[in-house]
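Here's a quick briefing to read with the model open beside you.

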Amino acid sequence: MATIEFTDVSRVFQRDGKDFLTLDNINLTVKDQEFVAIVGPSGCGKTTCMRMAAGLEFPTGGTVKVNGVVVKAPGPDRAVVFQQFALFPWKSVYENIDFGLRSKGIALEQRQQVIAGYIDLMNLKGYESAYPHQLSGGMQQRVAIARAYALDPQVLLMDEPFGALDAQTRVVMQEELVKLARKNPRTVLFITHAVEEAVYLADRVVVMTSRPGKIKEILDVKTIREQENWDRHAKIEDVMDLESFVHLRTRIWKSLREEHAGTDH
Amino acid sequence: MNERLSRAEFWRLTLLGTLAFLAVWYLARLLHLAPPQFLPMPHEVLLRLVDLFHTPFAGHVLVDHMLASLGRFAMGFGLAALVGVPLGLMMGWFGWLDDIVSPLFDSLRFIAPVAWVPFAALWFGTGIGGPTLIIFAGAFPPCLINAYRGAKNVDIRFLEAASMLGVGNFRTISEVLFPAAVPSIIAGLRIGAGLGWMSLVGAELIVASSGMGNLIVRAQSAVATDIVMAGMLAIGAVGVVIDILIRRIETMLLKHRQS
């Protein structure tokens, strides 16, 4: 059982002696093995939410709990996939994935097995000894995802993991992540500004308002996905053509547009 | 005005500078601006340098003096790097260590290495210990400061990734801070090696029997200025070689990085 609970979370930051409210009264529970995506206009604090679950930042009001325990520091039970990958440039693909496993004190043989498994799953075979700068952006992010999954975390936190990728690579990565997430379900908090991505990947989509970020609405995608059996389609473009998908996407899109309109004047 | 010069042009200008320097030198002698015993001519220095390879001066041939100096340098510089780099990295990671060491270090590092000569001789003697301390005093500050700055400037993303992966203090220092700080550390080692090598003459003022500093001091008391200059030339040349070697190490360590 792994849950993420945000209870009355707010965050104030100070600049020039003034208080700025960036997150306002966030209440959200990500259930065990649920995939929740947060979408919102830029600057709404969605990344901060993820970083608070990771223990990289802290709320100024309310509590963030993972598995019922208040988050105090980062740890391998909550693996993060960063937008800019954050692979270690001086470590090979293999060493990057191995770094966290070694720190967990896992025996060599078992580590080799786990790493080989994820290298296989993420289509990185033959690149074990390559260094990050020798790989494309898409491959680098596959390494980062393999590194996170290899930790066998209860919770996965992803901060616009495909934001830095080109459109084609992005689609491939989204399909791979869906396969991985179905095969290997984890409690996932996924941050994105791409509505289609959120609808395609998530069980629930949280829409946030512009700053100060509040939860505007939460949409249940899973029920519709299962009713309409989206998973029978292997390709993202086929899913995106379904009427039920288009309907949901448009609804979230309009909701977000209202927020942008709100910030424009 | 910063376009890269072609290789031929670079060598032409280098040659021009060298020739101009030598011309001024010869001119000073030809115009009798300095007496011969105060200013030997360039070719005399070169001939003396060659001669020193097989004619002992101050008890040893040049190579033996140089080896004695290099041995002391290796001790002092090696110690400075072995202590300075890890200490600097740890200070960059542990705030409390920074607070303990920094005030002391900042007040000691402005003391010229040669100022340690009396104490170096008293505490460690004139054999290997005293000179080692003086070279150490010259080489240690840049080794420490650059490792410290390198550790402080590590991209926060790497530290966040390491903490997320559950990596402990020791591995974070050795496998994240250290590799990330390598360019800064190498720059510190180069400066440290330069300062250490420069402190050598000062260090060897207190050594009686051998070394390049000793050779120069003995030549000075014999008013053999050509030997003094030959010794200076040899010290300079070996300094350049040390610098090139350290840069080689850097290239080796960074070969896997993005340019």
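**Chain B at a glance**

In chain B, 71% of the contacts with a separation of 6 or more are between residues 24 or more positions apart, a contact being heavy atoms within 4.5 Å. This is a predicted model, so to speak plainly about cut-offs: local features need pLDDT of at least 70, side-chain atom pairs count only at pLDDT 80 or more, totals for chains, interfaces and linings use all residues, and side-chain values use heavy atoms, with hydrogens and water left out. Residues are numbered from 1 along each chain as its sequence is written, while chains are lettered from A and ligands numbered from 1 in the order in which they are written.

**Overall fold**

- Chain B has 10 helices and 0 strands; these are DSSP runs numbered from the N terminus, with helices being H or I of at least four residues and strands E of at least two.
- Read from the N terminus, the elements of chain B go α-α-α-α-α-α-α-α-α-α.
- The C-alpha trace of chain B spans about 70 × 55 × 30 Å along its principal axes.
- Of the 259 residues in chain B, 44% are buried. Buried means under 20% relative accessible area, exposed means over 50%, and partly exposed is in between (1.4 Å probe, protein chains only).

**Helix 10**

- Helix 10 of chain B covers residues 225–253, which is 29 residues.
- From first C-alpha to last, helix 10 of chain B reaches 42 Å, close to the 42 Å expected at 1.5 Å a residue; the expected span is 1.5 Å times one less than the number of residues.
- Buried residues in helix 10 of chain B include Asp226(B), Gly231(B), Val238(B), Ile246(B) and Glu250(B).
- What covers the buried residues of this helix includes helix 2 (42–52), helix 3 (62–93), helix 8 and helix 9 (212–221) of chain B.

- Ala230(B) sits in helix 10 of chain B and is buried, with a relative accessible area of 0%.
- Leaving out residues up to four places away in sequence, Ala230(B) touches Val45(B), Arg48(B), Leu49(B) and Leu52(B).
- Ala230(B) and Arg48(B) are 182 residues apart in sequence, yet 6.5 Å apart in space, C-alpha to C-alpha.
- Ser199(B) belongs to helix 8 of chain B and counts as buried at 5% relative accessibility.
- Again not counting residues up to four places away in sequence, Ser199(B) touches Pro113(B), Ile134(B), Ile135(B) and Gly138(B).

**Where chain B meets chain A**

- On the chain B side, 18 residues are in contact with 24 residues of chain A.
- About 2,000 Å² is buried between chain B and chain A, and carbon and sulfur atoms give 66% of it. Buried area here is the accessible area (1.4 Å probe) that two parts lose on being put together, summed over both.
- In chain B, Met164(B), Leu165(B) and His256(B) lose the most area to chain A, together 33% of what that side buries.
- The count of salt bridges between the chains is 3, each a side-chain nitrogen of Lys or Arg within 4 Å of a carboxyl oxygen of Asp or Glu.
- Lys91(A) forms a salt bridge with Glu175(B), with the closest N and O atoms 2.5 Å apart.
- The elements giving two or more residues to the side of chain B that touches chain A are helix 7 (156–164) and helix 8 (169–204) of chain B.
- Helix 7 of chain B gives the most to that side, with 7 residues.
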